[in-house]
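Subject: Handover of a two-chain model

Dear colleague,

Please find the structure below, with its sequence.

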Amino acid sequence: MIQAVIMWMGSRFSPEQYIFWTRIQCTAWTLADILIVYYLLRIGDLARSFLKVERHKVCYVIWLATLPLSATIPFLTRGYYIFAVELLVTLPHFLIILYALAADGRYFFLTLSFLVRSTNSAK
Amino acid sequence: MPDAAISEIIQSARVEYCRVLLTETAGLFWILAEICILFAVRVGRRLLDAEGLSLESIQVRFEKTRAMIWGGLFLLFSAVLLGRHLFDSPLHRQLVQVAAGGDGVDLGRALNAHVSLMRAHYAVWASFVTLWVILEAGIVYNGWRGYRRLAELLAARQPPPSQMGVLPFMLVGAAAIGSFIAFGAAHASEMGADTLRRMLGEAHAANTVYRNALYLYLRLAGVVWIAVEWLAAFVLWRSFNLIAGVMRDQETRE
């Protein structure tokens, strides 16, 4: 049964279709990644500006540097190139996310506790 | 067979083996990053649920222990996964021995080992993809719950109804397809042939259907992955707008 399902799947897909759909899907999730990193940095900046802490600069530069690479994904013709570009794009993205979570977590919760207190007192 | 042709085959086998190692290492990095993000999001959610949003309300020692358990499990998982390659007899090394006229190299056996190695790699990759989807769904689920709590705390707007109910079904489907591939790879039949080129060609052909099935699975999982990623982006966008709106109100009041 399982073997039959694998055979069925294997006979209905080809490397050419794989590359075609990989380009489309990879573009779609990379765009989402770009937005995720951007809004995470923006949220961190909201807390930083509230607490008068210096805003992110280097992270935005690294984030911007990944944009031209991401833009090449729809035009890549080989699976391994897509993998390599995806690695070059997601490596900095993940590092930015981890840095932002570690560095901004305290600022975020300090700001939030202040906002919650002021929202409650304004009621 | 001319030396150049053999060198070409050896080089191609070497590159393929290096790609296997690189993709599995990269896959482990992505898993580690997802685990770290999930851990941070879960701590954040516990903080949001805690009384008074106090950082002191989080039991640091308990979180450290939890982080060490997660880290330890990941290290063990990575060690087992990458450690299995210590027992590999990569095809290119066997071919180098053949080219040097070395006796005692059973080429048919070496090719069968190569076919098994590639199928195990496909199964590992399918499992990685399934794990990423599950981890990312966990991040989005906790992020969404955190966002709803945030909206409740700031009383800025009513959170919309949860749309997460569909995720478990998608995950179960993805995990089921991944298991099919892994099971099939484990029960793959053996093959052999006479000449190097024909043997390599047959080895390649023997993997084609499994590779194509893996490709199809990756693209099906990709649909779930994209849905989860965009959901994560949506949650962050809503959170940003919520906090920015409250901060604007705060500035106006002041």
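The notes below go through confidence, each chain, the contact between the chains, the core and some single residues.

This is a predicted model, in which local features need pLDDT of at least 70 and side-chain atom pairs count only at pLDDT 80 or more, while totals for chains, interfaces and linings use all residues. Residues are numbered from 1 along each chain as its sequence is written, and chains are lettered from A and ligands numbered from 1 in the order in which they are written.

Confidence

The model scores ipTM 0.87 and pTM 0.77. Within chain A, the lowest confidence is in α1(A), with a mean of 72, and the highest is in α3(A), at 95. Chain B has a mean pLDDT of 76, with 73% of its residues reaching 70 or more. Its confidence is lowest in helix α5 (residues 167-186), at a mean of 50, and highest in helix α2 (residues 60-83), at 87. Over residues 157-163 of chain B the pLDDT is below 50, and this stretch has 4 contacts in the model beyond near neighbours in sequence; two residues are in contact if their C-beta atoms, placed from the backbone, lie within 7 Å. Residues 182-194 of chain B also stay under 50, and for them the model has 30 contacts beyond four places in sequence. Where pLDDT is low, the predicted coordinates should not be read in detail.

Chain A

Chain A has 4 helices and 0 strands; helices (H or I, at least four residues) and strands (E, at least two) are DSSP runs, numbered from the N terminus. The radius of gyration of chain A, taken over C-alpha atoms, is 21 Å, well over the 14 Å that the globule rule gives for 123 residues, so the chain is more spread out than a compact globule; the rule is 2.2 Å times the number of residues to the power 0.38. Along its principal axes the C-alpha trace spans about 65 × 35 × 20 Å. Of the 123 residues of chain A, 31% count as buried. A residue is buried if 20 or more other C-beta atoms lie within 10 Å of its own, exposed if 12 or fewer, and partly exposed in between, with C-beta atoms placed from the backbone.

The 36 residues of α2(A) should span 52 Å at 1.5 Å a residue, and its end C-alpha atoms are 51 Å apart, which agrees; the expected span is 1.5 Å times one less than the number of residues. Just after α2(A), Lys52(A) takes a positive phi of about 60°. Lys52(A) lies in the loop between α2 and α3 (58-72) of chain A, and it counts as exposed because it has 6 C-beta neighbours inside 10 Å. Ser121(A), in helix α4 of chain A, is also exposed, with 7 other C-beta atoms within 10 Å.

Chain B

The secondary structure of chain B comes to 6 helices and 0 strands. Of its 254 residues, 31% count as buried. Among contacts in chain B with a separation of 6 or more, 84% are between residues 24 or more positions apart. The 48 residues of α4(B) should span 70 Å, and its end C-alpha atoms are 69 Å apart, which agrees. After α4(B) comes Ala155(B), whose phi is positive, near 50°. Leu117(B) is placed in helix α4 of chain B and is partly exposed, with 19 C-beta neighbours inside 10 Å. Leu117(B) and Ile35(B) are 82 residues apart in sequence and 27 Å apart in space, C-alpha to C-alpha.

Between the chains

How many residues of chain A are in contact with chain B? There are 45 residues of chain A in contact with 46 residues of chain B. On the side of chain A that touches chain B, α1, α2 and α4 of chain A each give two or more residues, and α4(A) gives the most, with 18 residues.

The core

The largest nonpolar core has 70 residues, of which Leu40(A), Val140(B), Val228(B) and Ala232(B) touch the most other members. Such a core is a set of buried Ala, Val, Leu, Ile, Met, Phe, Trp, Tyr and Cys residues joined through C-beta atoms within 7 Å. Elements supplying at least two residues each include α2 (15-50) of chain A and α6 (196-253) of chain B. Leaving aside neighbours within four places in sequence, Ala232(B) is in contact with Ala32(A), Ile36(A), Ile139(B), Val140(B) and Gly143(B).

With kind regards

Definitions and conventions: pLDDT is the predictor's confidence in each residue, from 0 to 100.
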